[in-house]
Amino acid sequence: MIKDGNALQQRARRVPGIIRYPIIAVAFVFPIYWMFTESGVYWWLSKQQAALFDGDFYPILSFLLSMLICLIPAGVIVHVLATFMGPKDQASTQNEQP
(Lines give C-alpha, C1' and ligand atoms only; values in the text may rest on other atoms or scores of the structure.)
Protein backbone atom coordinates (compact mmCIF):
# COMPACT_ATOMS: atom_id res chain seq x y z
CA MET A 1 0.00 0.00 0.00
CA ILE A 2 1.50 3.31 -1.09
CA LYS A 3 0.73 6.26 1.14
CA ASP A 4 1.11 9.80 -0.07
CA GLY A 5 1.85 12.31 2.68
CA ASN A 6 1.93 11.82 6.40
CA ALA A 7 -0.94 10.88 8.69
CA LEU A 8 -1.99 14.51 9.32
CA GLN A 9 -2.25 15.22 5.59
CA GLN A 10 -4.26 12.06 5.01
CA ARG A 11 -6.57 12.97 7.86
CA ALA A 12 -7.08 16.52 6.54
CA ARG A 13 -7.93 15.14 3.10
CA ARG A 14 -11.01 13.47 4.58
CA VAL A 15 -12.60 16.93 4.78
CA PRO A 16 -13.92 17.97 1.36
CA GLY A 17 -12.06 20.82 -0.29
CA ILE A 18 -15.18 22.96 -0.45
CA ILE A 19 -15.10 23.05 3.37
CA ARG A 20 -11.33 22.85 3.98
CA TYR A 21 -10.13 25.57 1.57
CA PRO A 22 -12.33 28.42 2.89
CA ILE A 23 -11.26 27.68 6.47
CA ILE A 24 -7.59 27.87 5.52
CA ALA A 25 -8.19 30.93 3.29
CA VAL A 26 -9.78 32.84 6.17
CA ALA A 27 -6.74 32.02 8.30
CA PHE A 28 -4.54 33.70 5.66
CA VAL A 29 -6.84 36.66 4.91
CA PHE A 30 -7.42 37.87 8.47
CA PRO A 31 -3.75 38.56 9.29
CA ILE A 32 -3.29 40.37 5.97
CA TYR A 33 -6.34 42.53 6.68
CA TRP A 34 -5.16 43.18 10.24
CA MET A 35 -1.72 44.17 9.00
CA PHE A 36 -3.05 46.80 6.57
CA THR A 37 -5.65 48.19 8.99
CA GLU A 38 -3.43 47.82 12.08
CA SER A 39 -6.17 46.08 14.02
CA GLY A 40 -6.96 42.72 15.56
CA VAL A 41 -4.25 40.38 16.77
CA TYR A 42 -1.64 42.22 14.70
CA TRP A 43 -2.34 45.47 16.56
CA TRP A 44 -2.19 43.72 19.93
CA LEU A 45 1.12 42.02 19.07
CA SER A 46 2.57 45.30 17.81
CA LYS A 47 1.53 47.05 21.01
CA GLN A 48 3.11 44.32 23.13
CA GLN A 49 6.35 44.46 21.13
CA ALA A 50 6.48 48.25 21.44
CA ALA A 51 6.10 47.96 25.20
CA LEU A 52 8.80 45.29 25.35
CA PHE A 53 11.32 46.89 22.95
CA ASP A 54 11.16 50.56 24.08
CA GLY A 55 8.68 51.74 21.44
CA ASP A 56 9.95 49.66 18.53
CA PHE A 57 8.08 46.81 16.91
CA TYR A 58 8.81 44.48 14.04
CA PRO A 59 5.98 44.40 11.48
CA ILE A 60 7.08 41.12 9.89
CA LEU A 61 7.30 39.39 13.25
CA SER A 62 3.87 40.70 14.23
CA PHE A 63 2.45 39.51 10.91
CA LEU A 64 3.99 36.04 11.14
CA LEU A 65 2.84 35.56 14.73
CA SER A 66 -0.69 36.69 13.88
CA MET A 67 -0.63 34.27 10.91
CA LEU A 68 0.42 31.47 13.24
CA ILE A 69 -2.26 32.40 15.74
CA CYS A 70 -4.86 32.07 12.97
CA LEU A 71 -3.49 28.95 11.28
CA ILE A 72 -3.33 26.81 14.42
CA PRO A 73 -7.10 27.03 15.14
CA ALA A 74 -7.85 26.55 11.42
CA GLY A 75 -5.82 23.34 11.42
CA VAL A 76 -7.53 22.15 14.59
CA ILE A 77 -10.96 22.87 13.08
CA VAL A 78 -10.09 20.90 9.94
CA HIS A 79 -8.89 17.94 11.99
CA VAL A 80 -11.93 18.00 14.26
CA LEU A 81 -14.11 17.97 11.15
CA ALA A 82 -12.06 15.03 9.86
CA THR A 83 -13.06 13.00 12.92
CA PHE A 84 -16.68 13.30 11.82
CA MET A 85 -15.87 12.31 8.25
CA GLY A 86 -15.04 8.69 7.58
CA PRO A 87 -12.24 7.55 5.31
CA LYS A 88 -12.76 8.75 1.73
CA ASP A 89 -13.18 5.27 0.33
CA GLN A 90 -13.89 2.66 2.99
CA ALA A 91 -14.23 -0.17 0.49
CA SER A 92 -10.74 0.33 -0.94
CA THR A 93 -9.13 0.64 2.48
CA GLN A 94 -10.74 -2.62 3.66
CA ASN A 95 -9.54 -4.52 0.59
CA GLU A 96 -5.93 -3.36 0.93
CA GLN A 97 -5.29 -4.76 4.41
CA PRO A 98 -2.10 -6.82 4.53
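Rings of Phe, Tyr and Trp (for Trp, its six-membered ring) are taken to pair if their centres lie within 6.5 Å; planes under 30 degrees apart count as stacked, over 60 as edge-to-face and the rest as tilted. By this rule, two aromatic pairs are counted. In one of them, phenylalanine 30 and tryptophan 34 are stacked, at 5.5 Å centre to centre with 10° between the planes. Both residues lie in helix α2, four residues apart, about one turn of the helix. An α-helix has 3.6 residues a turn, so residues three or four places apart point the same way. Burial is described by relative accessible area (buried under 20%, exposed over 50%, partly exposed in between; 1.4 Å probe, protein chains only). Tryptophan 34 counts as buried at 16%, whereas phenylalanine 30 is partly exposed at 41%. Phenylalanine 53 and tyrosine 58 form an edge-to-face pair, 5.7 Å centre to centre and 70° between the planes. Phenylalanine 53 has a relative accessible area of 36% and is partly exposed; tyrosine 58, at 47%, is also partly exposed.

The model is predicted: local features need pLDDT of at least 70, side-chain atom pairs count only at pLDDT 80 or more, and totals for chains, interfaces and linings use all residues. Residues are numbered from 1 along each chain as its sequence is written, and side-chain values use heavy atoms, with hydrogens and water left out.

The chain contains five helices and zero strands (DSSP runs numbered from the N terminus: helices are H or I, at least four residues; strands are E, at least two). Of its 98 residues, 19% are buried.

Helix α3 has 13 residues and spans 19 Å from its first C-alpha to its last, close to the 18 Å expected at 1.5 Å a residue (1.5 Å times one less than the number of residues). Its buried residues are Tyr42, Leu45, Ser46 and Gln49. Seen down the axis of α3, these residues fall within an arc of 100°, so they line one face of the helix (the arc is that of the directions from the helix axis to the C-beta atoms). Their cover includes α2 (17-37) and α4 (59-84).

Within α3 (residues 40-52), glutamine 49 is buried, with a relative accessible area of 7%. Beyond its neighbours within four places in sequence, glutamine 49 is in contact with Asp56, Phe57, Tyr58, Leu61 and Ser62 (contact means heavy atoms within 4.5 Å). The side chains of glutamine 49 and serine 62 are joined by a polar contact of 3.3 Å (a pair of N or O atoms within 3.5 Å; within protein, one must be able to donate a hydrogen and the other to accept it, and residues adjacent in sequence count only if both atoms are side-chain atoms).
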